Amino acid sequence: MGLVLGMLKTTGRLLAAHWPALLAWFIAGVLARYLVIEVAGFVGAWSAVGGLLLMPLAILARLIGFVAMFLVLRDGMARLGAIAPLPPSAAERRRAFVDALLAGILPFFAFYAAWGYLRADMAAYSVRALDVQKDVNGASQLLGGEAVTRGAGTVTELGFEPVTVVLIVLAFAGRWAWKRYRERLPRLLSLAAVYLEAVWVFLTVILLSQATGWVTGWIASRQAMVWLADLRGFVAEQLVPIAWVWEAVEWLLGELGGIVLLPVAWLTIAGVIYGQAVAAEAPRLSGEVVERVRRGWGALPGGLRRRLADVWDELTSRFRPIFRALVLMWRAGPVLMGGYVLLATAVAAGERLLGWAITRAVGPHDLYQFWFVADAVILLAVPLVVEPVRIAVVASAYDAVVGRLVPARASDAPGPDAPGSDAPGSDAPGPDAPGPDAPGPDAPGPDAPGPDAPGSDASMASHAPSGQLPSVGEGAEGQVQQAGLGEHLELDRERALGVTRNQVGHDEVEGLGPHQGA
């Protein structure tokens, strides 16, 4: 209960401080999406390729709005700020924003398609394009001009064709080239990189949706499915209680999708955007097959191994932030995640109740002359109220999840009575009691950087701006927690340099910026 109350308190504080900015970014995303669909529908009336190349911008407009909403709340998330402070300069913040967009495109587009938003956008695009075709053909009949071929095929006809594959390959190659030569290219080309990423992901999602529809349609048309339906009907007639249980399980699974999976999807998107995650110590695979594969990999020429490693990194880089965010939620524990799902369910219930209350307040009106005209404007009040609250709940839950890391790491730090400590909570050995990794006070070894060495806790504390590294605890407890966090950050730096310690079975804390998942 305390975790839920803490998230509620953080949600209220974030809304009180940033509600106008959240509302402004949400409205901007909605309006931009509407305008893009209108323009794409006009273009799609003449060319399906041109219209569908504009449609990714509609989804991208919503993503930009949500990314901005999450980043607006970041300065109010104390626990996340303790691990990953805000970039100090405007240039670094702009770079972080672009990196968050690039990292969030894949999971957001997948979420957008899975929950039916992509289908709704494509329906609105088709309606707009067909209306334009109708108007153009009507005018051409009156004026004797050239008519436009009318039909849904000319609007959305972009399936498994050579042009589709070429567009995906070109967009992916352009995005890869920008990533490789980013430092040499003008900054404005980052906008083109975002668009190219959106294009290849959008077209790939469209093709996968079509392929899934073909597969499910083929399965549904098989005779075995007819037999299975007949068998189910026979069992339901003979064993009524079993039929009740079957229907109850189907209903429960359907409800769990909206109750559990939707909040988890939002928290995953937030984890990718904020770019801060925890990863367990990578398991060591063993066995004869694994050793044979490792020997075969080592036998390859060095140049070939580097090229294959680059390709593998390019293919998996978009999925690593998603995996890390899922691991982060797993490590948060069922109590915290259950509290978050409870709050998200309350927000969803409030959304339905608010829509019901607005329709009752407006009162009965003609369906065609009133609701078909004014429903979009009237019911827009529901997301204007609910979406800022939803984003604040997700951000507060993510901050609480990240906050669970620091106390867990504090247990690995030396306590006040540890040998070699000359101050409560200090992790630096005293001058008269060098630690095992430090040969002496005047000759620090490779595993014990000096107080001013890059990567040391003292260096980070001395170079960090005031207020950017707030302690999670108070007094000696907060120093112990920061000591544990600095110890694990130092371990990450040593692993990157190829240095190991005799410590096995612990978790690592990685300060991962969103650009590492781009």
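Trainee: What should I know before I start?

Mentor: This is a predicted model, where local features need pLDDT of at least 70, side-chain atom pairs count only at pLDDT 80 or more, and totals for chains, interfaces and linings use all residues. Residues are numbered from 1 along each chain as its sequence is written, and side-chain values use heavy atoms, with hydrogens and water left out.

Trainee: What does the chain average in pLDDT?

Mentor: pLDDT is the predictor's confidence in each residue, from 0 to 100. Here the chain averages 73, and 70% of the residues score at least 70. Residues 277-283 stay under 50, and the pLDDT is also below 50 over residues 408-518. Where pLDDT is low, the predicted coordinates should not be read in detail.

Trainee: How many helices and strands does the chain have?

Mentor: Helices (H or I, at least four residues) and strands (E, at least two) are DSSP runs, numbered from the N terminus. This chain comes to 19 helices and two strands.

Trainee: Which residues of α14 are buried?

Mentor: Buried means under 20% relative accessible area, exposed over 50%, and partly exposed in between (1.4 Å probe, protein chains only). The buried residues of α14 include L336, Y340, L343 and V347. Among the elements that the buried residues of α14 pack against are α1, α10 and α16.

Trainee: Why does G338 count as partly exposed?

Mentor: Because its relative accessibility is 37%. G338 lies in helix α14, and its C-alpha is 9.0 Å from that of V260, 78 residues apart along the chain.

Trainee: And what lines the second largest pocket?

Mentor: A pocket is an open set of points on a 1 Å grid over the protein atoms alone, where a 1.4 Å probe fits, with protein on both sides within 12 Å along at least five of seven lines; lining residues have an atom within 4 Å of a point. This pocket is lined by 34 residues, with Y117, L262, E351, E387 and R390 nearest its centre. Helix α14 gives the most to the lining, with eight residues.

Note on methods
Contact means heavy atoms within 4.5 Å.
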